[in-house]
Amino acid sequence: MKNKYRGYYVLPLSFALFWALSTPLTSQNGSPPLSGIVSDAKGPLGGVNIIVKNSARGTQSDLDGHYEIAAQRSDTVVFSYLGYKTQEIAVGRGSILNITMQPDATALDAVVINAGYYKVSDKEKTGSISRITAKEIENQPVQNPLAAMQGRMPGIHITQNSGVPGSGFEVRIRGKNSIAAGNNPLYVVDGVPYTINTLGATTVASSIIALSDINPLNSLDPNNIESIEVLKDADATAIYGSRGANGVVLITTKSGKNGDTKLTVRALSGLASITRKLDLLNTEQYLAMRREAFANDGYTEYPVTAYDLNGTWQTNRYTDWQEELIGGTAYTNNVQATLTGGNAQTSFLLSGGYYKETTVFPGDFKYGKGTVHAKMDHSSPNEKLKVSFSANYAADKNELPGADLSLQAKNLPPNAPALYDSEGNLNWENGTWENPLAILNGEYTNSTNSLIANTVLSYKLFERLQLQTSLGYTDNRLEEDRTSPNTIYNPDWGLDSGFSSIYLNSAHRSSWIVEPQINWEQPLGQGLLKILAGATFQQQTADILTKFGSGFPSNNLIHNLGAASYILAFADRHTDYRYEAIYGRVNYNWKEKYILNLTGRHDGSSRFGPDNRFANFAAVGVAWLYSDEPFVKNNLPFLSFGKLRGSYGSSGNDQIGDYGYLDTYSTTGVPYNGNIGISPTQLYNPNYGWEINEKFEIGLETAFFKNRLQLNANYYDNRSSNQLTGIPLPGTTGFGNIQANLNATVQNYGWEFSLVSNNLNSEVFKWTTSFNISLPKNKLLEFPNLEQSTYRNSYVIGEPITIRKVYHVLGVNPETGIFEFEDYNNDGVISAPDDKQMVVDMAPKYYGGLENVLSYKNLRLDIFFQFNKQKASNNFFYGNTPGTMANQTTEVLDRWQQPGDEATMQMFTSGDNPEAVLAFSHYGESDGSISDAPFVRLKNVALTYTLPESVLKGMDCRVYMQGQNVFTITKFNGGDPERVSGFLPPLRQVAMGVELSL
Amino acid sequence: MKRLQLIRNRLLNTPKIQFVGFVILLVLLGGCEDFLEVEFPEDRLTGTVVFNNEATANAALADIYNKLRDNTLLTGTNQGLSVLMGLYSDELDYYGSPGNAAYNFYNHTVIPSNSAVASLWNDSYNVIYSANAIIEGLEKSKELTQEQKEPLLGEALFLRAMVHFHLYTLFGDIPYITTTDYKVNSAVHRMDWDRVYSLLLDDLSNAKNFLPDSYPYGERIRPNRYVAATLLSKVYLYAEEWGKAETESSTILDGSGIYVWEENLDLVFQKESSTAIWQLKPSTAGSNTLEAQSFVVLSLPPSNVALSNGFVGSFEPNDLRREKWIGELSDGIETVYFPNKYKEVDFTGETLEYAVVFRLAELYLIRAEARAQQSSILGAVQDLNKIRSRAGLSGTTADSKEALLDAVLEERKHELFTEQGQRWFDLKRTNSATTVLGPIKPGWKATDILLPIPENELSLNPNLQPQNPGY
């Protein structure tokens with residue numbers, strides 16, 4: 001070890017020493033001692049803050065609840081503790097004062113928020129943190145926790161990639177910060193950073209799993225989650241330093257409880273189907289389109305390849321291909337058993353679950369997942385030593401078709417032949433079509449095993465000093481393969497199993513993390529000072545081996561790579577990522593009215609070249625609880641809580657590949673004359689460094705009428721600079737891009753509002769309404785020499801970085817019947833990039849959710865609407881030219897037929913009118929292929945009935961009905977407004993379940 | 001003893017002492033920067049290591065041949081010249097999906113965002129980058145001797161010239177890239193033929209100097225001096241340097257002592273072909289060419305491409321190539337013809353066919369044309385008849401310069417069909433594309449003579465403006 005580190009400590013060290021030597025400490029005071037025991041209903045309560053009002057004296061109760069403090073008879077002593085009502089007691093006579101603390105269920109400070117390295121009450125937090133808890137999660141019949149977050153948290157926009165089980169999500173916290181590096185937040189599960197980048201290989205998975213995103217969070221059963229906190233502003237994220245730029249998602253799993261051993265069993269079964277079908281042409285309309293197309297192109301006789309028209313296929317057939325290929329019903333089943341219990345020292349939770357989901361595709365495909373969750377908390381009788389252990393293990397298996405059939409469902413002519421012939425074999429109709437079910441002879445399978453484990457050891461060395469170490473381990477394994485047996489091809493081609501092939505990928509990623517931490521608490525003046533310091537050491541290694549085999553003696557041996565006559569290893573990659581940091585927090589809470597929170601981190605990452613590895617991030621947060629000021633209390637009695645808070649600081653982003661700074665050659669696995677080829681891995685740049693995100697936020701939190709109405713408003717302004725990107729380069733450089741820091745600034749700013757109203761709160765009938773809305777804005781502020789840079793056709797200064805630059809369609813020329821476009825450069829030709837000048841922003845304008853929870857006696861109804869205003873690509877986006885042999889939506893019926901027609905769609909062409917084909921290909925890249933796609937979705941509805949205790953003695957029983965994506969109101973004409981082009985849209989689910997505890 | 005314990009307790013309970021402890025612990029938390037020193041990745045090599053060893057330098061070259069065979073320019077797949085330019089000219093009809101970029105080549109609706117155009121360009125420059133990295137790496141290498149370096153340098157220079165030559169024929173003026181420096185390469189300008197031509201001559205004459213006469217690995221799968229000379233004769237032909245084209249081709253035809261004329265049409269595309277000058281070897285034992293997989297039609301209707309009826313009908317009666325090199329499949333109603341120079345679609349116990357890039361017949365036709373242009377009628381007729389007699393045809397009746405040039409062009413059509421787009425480049429360089437293709441391709445425009453520069457390329461490097469006319 002080199003002694004390089006000392007320098008980091010100069011600041012905190014000198015600050016600490018100065019403070020230690022200059023501050024008078026309480027026990028040196030001359031006042032007579034006051035002592036006693038603080039307890040609650042269960043027994044002695046340690047850690048209660050005890051302050052002599054209007055003095056600098058303060059202490060905390062020890063683990064036996066005992067305290068001692070110097071106080072005069074005239075003094076008033078204040079006892080406060082998170083989640084309990086604060087009590088002020090005049091000392092009076094006597095030197096012993098025992099006190100019982102009362103839990104405070106309604107107060108905001110009863111809500112304890114996980115801020116990652118520390119916990120804070122909702123009342124005293126200075127940062128911007130959103131959360132959802134088990135209460136919201138368990139109402140939703142979803143299998144990935146990210147799905148449960150959709151629409152419920154302001155500032156957090158989540159889109160599901162596909163309705164295929166096991167696929168991923170796009171999560172954006174306060175917009176897109178980075179032009180090209182990752183925009184994913186940091187995920188931390190029970191204190192352990194958890195990489196959610198997919199281990200899937202494009203060559204294996206991309207045809208069925210959108211973006212090959214096999215989301216590792218699938219390994220968490222949402223029912224095991226206690227809360228999900230999302231850290232948004234600088235105050236909350238700076239302590240995560242280089243990984244906090246895009247926000248931090250903290251997932252906390254459930255813990256055991258002190259009490260009798262309790263077994264809870266949940267079972268849920270449901271049905272799922274696609275949310276919306278496209279309005280496609282029927283056979284009559286389709287054939288009319290095709291005939292018109294050939295007539296337009298001057299054909300008098302249909303060519304041999306026009307099978308749909310020339311008599312090769314029956315012209316009176318009609319198949320609803322959407323119904324046939326993606327219109328099935330998927331079944332979901334979920335069973336979970338949880339055992340909890342414990343005593344004052346030890347509590348535990350053990351839970352096991354099984355989830356199964358079939359697909360909407362024809363054929364026997366399914367996803368199955370088993371999860372185990374264990375958590376144990378222990379403290380020594382004197383409460384000095386505390387141990388907490390948690391482990392989540394999941395194994396899942398996903399068996400899917402080799403390709404998503406959504407595209408075929410849209411494109412197949414409605415009079416395409418029958419799927420099966422009279423003998424029940426796949427019908428190839430003499431080789432005139434590709435039977436869409438043939439692809440089902442190939443299968444995609446993945447299985448993952450994942451483990452997240454964490455142990456936290458803490459020891460209270462002295463009264464004010466606590467030592468803690470968190471040890472975490474994660475392990476992810478993925479095995480996936482996709483088979484292409486010869487039976488996916490037309491048997492007339494005479495291909496045997498020598499043509500069968502398989503793609504395989506096995507990937508493994510594991511990481512360990514050690515985070516020692518020390519905490520110090522000290523009453524200071526009329527307040528409390530908390531200092532936290534810690535360090536992080538993390539290592540993550542990943543191995544990926546992607547293989548291909550072909551030529552099998554029999555298809556039964558296709559999973560035996562040893563039987564392949566040709567085997568190729570595409571990729572065998574090993575990466576090692578190391579990360580180290582020290583972090584700290586200084587929090588001072590003066591009179592419980594003025595709070596200052598300083599956080600910072602010194603970070604180093606191996607993803608950067610040796611000279612650019614370290615950087616510093618810091619933030620300051622302040623809060624003023626103005627509702628505690630006398631003038632507010634006296635003049636605004638209806639205001640029960642008011643806090644103004646603000647923060648400013650920085651965090652960073654290191655989401656780029658490993659080793660980008662090295663000049664390397666990689667092996668290709670392909671031999672030439674027995675010599676395996678090696679090729680330059682990339683253009684290399686040893687000089688790039690961190691991306692910096694500076695965040696500013698101001699927030700107002702208020703509650704009225706005894707907290708019955710709560711209203712929060714945030715304004716934020718984040719600026720990302722030193723953009724770490726693969727800068728696109730022209731092909732003449734040999735590669736598409738190079739990793740470098742781009743001197744550009746992206747701003748994300750906007751408002752977030754949330755409102756909670758307890759409309760009715762009687763014993764029998766309760767009604768709560770929650771509403772949240774986010775109004776995000778994104779802007780490219782600076783981009784030196786944009787016009788000369790490689791980005792000039794992607795971005796415009798002053799516009800969002802989520803724009804697309806496209807052709808602007810002027811409509812169909814009534815004379816020629818062909819689309820016309822704005823000729824921006826007036827050169828008489830429509831061509832890119834000069835004529836792609838229309839700017840369309842694809843990011844949401846606003847989004848949010850509205851929830852109503854109604855309960856009447858034992859019946860509870862949750863209704864949650866999600867809304868979103870944004871644009872989306874419609875079916876013409878890089879679509880098939882209308883008139884060619886592919887089905888279209890009924891929108892094409894309003895087409896041009898003869899000179900003088902005013903129509904929205906140009907003339908049909910069979911593909912032989914080059915001008916029309918060209919114009920349509922421009923249309924596919926124009927604003928005509930982008931539509932408004934605002935929607936309001938009944939995202940979740942849950943009806944829960946708790947059986948009266950009198951019915952089941954000693955047993956709790958709840959029955960419920962839940963629906964997800966129940967219906968969607970939208971004017972979007974391209975199917976589900978959230979779908980990713982070419983993939984299955986999110987599914988509608990309806991489920992019924994029962995929960996029993998004894 | 002008890003007193004000591006008391007003192008200790010008092011000390012430890014003193015907040016100031018506790019705080020000093022806190023500070024000491026704080027310092028102990030520290031890390032050290034060595035922790036971040038990750039191991040060099042085991043799955044790759046550094047640039048300098050590659051060129052300190054002959055085997056790894058050879059592996060870098062092997063990668064280029066793999067790319068040319070599998071996905072770049074010379075490949076027999078739908079990304080290569082043989083299919084794309086066959087469709088673009090009058091050789092092939094397209095039967096595949098209209099969504100495929102190849103369809104636009106067939107019906108002449110190529111636009112600057114066409115993906116096949118982008119890959120022709122980008123993949124070619126990627127290969128050029130690799131060649132430049134090899135040239136620079138070898139020049140810097142201190143471990144390899146000059147004798148070890150020279151043949152490798154010769155191959156890299158030849159490859160750089162070969163790819164640039166094809167890019168010029170496709171796109172017109174192009175940047176000729178001779179460095180790996182991305183700062184230079186991202187702002188390059190297009191160069192006109194004079195500049196490209198002189199760089200081609202430089203690279204090829206260096207390549208000829210460095211390359212040995214014999215093939216490095218026995219088989220004709222890595223270039224020797226004559227491979228570079230073949231390309232040079234082709235460059236002279238395109239430059240209309242007739243004298244030089246004749247001389248250069250003669251050095252191979254008359255002076256090599258390696259190549260032997262083969263009368264049997266069945267053997268021309270076999271791997272042991274004695275007329276092959278440069279072949280690409282399949283990646284694994286038992287596999288054959290991608291050309292066979294693209295062209296051979298196994299069932300009707302064809303799944304990808306087939307020969308156009310017009311093309312098949314243009315053969316003279318009794319032309320053996322019509323019988324030997326063209327396959328046909330009929331379902332009783334319709335007959336489809338397909339290129340059958342390569343016959344092996346399946347794995348065979350031992351590989352039977354290699355993809356031929358250069359072969360002797362082309363050199364005879366180059367020399368015939370060069371001689372005709374110089375009005376050296378007798379020599380031209382001799383060379384042309386060499387080809388014709390092997391095809392079972394009588395000697396040519398052409399006896400004037402013009403008639404001979406037409407006859408050579410016609411002979412090239414039937415000899416070199418579906419080989420790296422030779423037909424298209426012949427139509428282009430003889431200015432006959434509009435005459436030939438105009439009547440049969442409804443989408444044909446005179447400006448189709450050049451492909452468009454890829455859309456992305458123009459936007460990323462404005463120095464490449466203007467776009468080729470018509471796009």
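In which sense do strand β31 of chain A and β1(B) pair, and over how many bridges? They pair in the antiparallel sense over three bridges, with β31 spanning residues 664-672 of chain A. This is a predicted model, in which local features need pLDDT of at least 70, side-chain atom pairs count only at pLDDT 80 or more, and totals for chains, interfaces and linings use all residues. Residues are numbered from 1 along each chain as its sequence is written, while chains are lettered from A and ligands numbered from 1 in the order in which they are written.

**Confidence**
- The model has an ipTM of 0.86 and a pTM of 0.77.
- Chain B has an average pLDDT (the predictor's confidence in each residue, from 0 to 100) of 91, and 93% of its residues score at least 70.

**Interface of chains A and B**
- Contact (C-beta atoms, placed from the backbone, within 7 Å) links 85 residues of chain B with 87 residues of chain A.
- On the side of chain B that touches chain A, α2(B) gives the most, with ten residues.
- Elements that each supply at least two residues to that side include β1 (44-46), α4 (54-70) and α7 (115-140) of chain B.

**A sheet in chain A**
- β11(A) runs antiparallel to β16 (residues 225-231) over five bridges, and A:Ile129 has A:Leu231 as its bridge partner in β16(A).

Key: Pairing = 2+ DSSP bridges. Helix = DSSP H or I, 4+ residues; strand = E, 2+ residues; numbered from the N terminus. Contact = placed C-beta atoms within 7 Å.
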